[in-house]
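The tour moves from one selection to the next.

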Amino acid sequence: DYLNDEDSPHFPFMKIVAHVEDTKLAKKRLISRTARYTGLLDKLDFSEGTALPTVEQLAGISSWVAHVGGGDMSKLSDIADVAEKADSVKNVAILVSGAEGVGGEALKEAEEMLKGKATTFAYTLLVVPEWNDEPEASCAFGIVNVTDLEAAPFKESETFSRQESLRILTECLAIDKAAGKCVVANAAKDANSLENMLIQGMREIGFNRLEEIEHMVSRGAKVCEPCVDYSF
C-alpha cells in the first residue's frame, strides 16, 4: 500500500511483487477493498519462498524493500550478496525490527559490511525496536545515524510503530540523501524533547510525510541543538 500510495507520486512502479512464504495466505491479507480502489491489484504479483528471494526472482526488479524480524543482523550480509548479484536491482531499503537487544557496535559493523559489499546498488538501513500497533504519525520520532551512536540505541521494552517504520522505509526510496544511510528510529513522545518540537513544528507549517521524513533522515534534530534554549 505504501509503495502504491496515491499521495506519493514519486513511486511510478508499474509492478509490485510481494515475496512471501505462503501465497494463498498473503493474497487473503493483501487483496483488500483498498487494494482494489487504489489500483494496487493491477500491479501486484507474488513470488513464493521460505527465505530471501533468489537472484532469478529479482530479475527485472529495480527496488527491493526487505524486512528482517527479531533483530537478526546476520541476514543483512545475505541480502547484500543477493542484491549485488541481481543486475536490475539498483535500490535496496532494509528494515530490521525487534532490534532492542542489538548494540551500537553490532550496528556499526553492519554499516561497514554494507559499505564494503554494496557496489552495484544504493541502500538504506533502518533499525527499530519491537513493533507496536500505533498508527503512523501518531507521535513524533527521532532518527540517528549509526555512526553517531554513543550507547545502546534502544531502552528496555521500547517499541516503535509498525506503520511508521514502513512509511519511513518506503519514503527513503525517494530520498537521495538516504542512500548509504544506516539509521535507528525511536518514538519521541516527550512533549519537551527536541525531536517532538521539531516534528510538531513541521506538521503545523504543512510539511507532508515525505518532506518530514527527508528532513529527519538527512539532518535530524541534531542540527537544531545549538539553537535551542533549554533555560526556563
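Which strand gives the most to the lining of the second largest pocket? Select S9 (181-188): S9 gives the most, with 5 residues. Strands (E, at least two residues) and helices (H or I, at least four) are DSSP runs, numbered from the N terminus.

This is a predicted model, in which local features need pLDDT of at least 70 and side-chain atom pairs count only at pLDDT 80 or more, while totals for chains, interfaces and linings use all residues. Residues are numbered from 1 along each chain as its sequence is written, and side-chain values use heavy atoms, with hydrogens and water left out.

Of the 29 residues that line the second largest pocket, the closest to its centre are Gly142, Ile143, Val144, Asn186 and Glu195. A pocket is an open set of points on a 1 Å grid over the protein atoms alone, where a 1.4 Å probe fits, with protein on both sides within 12 Å along at least five of seven lines; lining residues have an atom within 4 Å of a point.

Next, select strand S3 (residues 63-68) and S4, which pair in the parallel sense over 6 bridges; strands pair if DSSP finds at least two bridges between them. Ala66 has Ile94 of S4 as its bridge partner.

Now take S4 and strand S5 (residues 122-127), also parallel over 6 bridges. Here Ala93 has Thr124 of S5 as its bridge partner.
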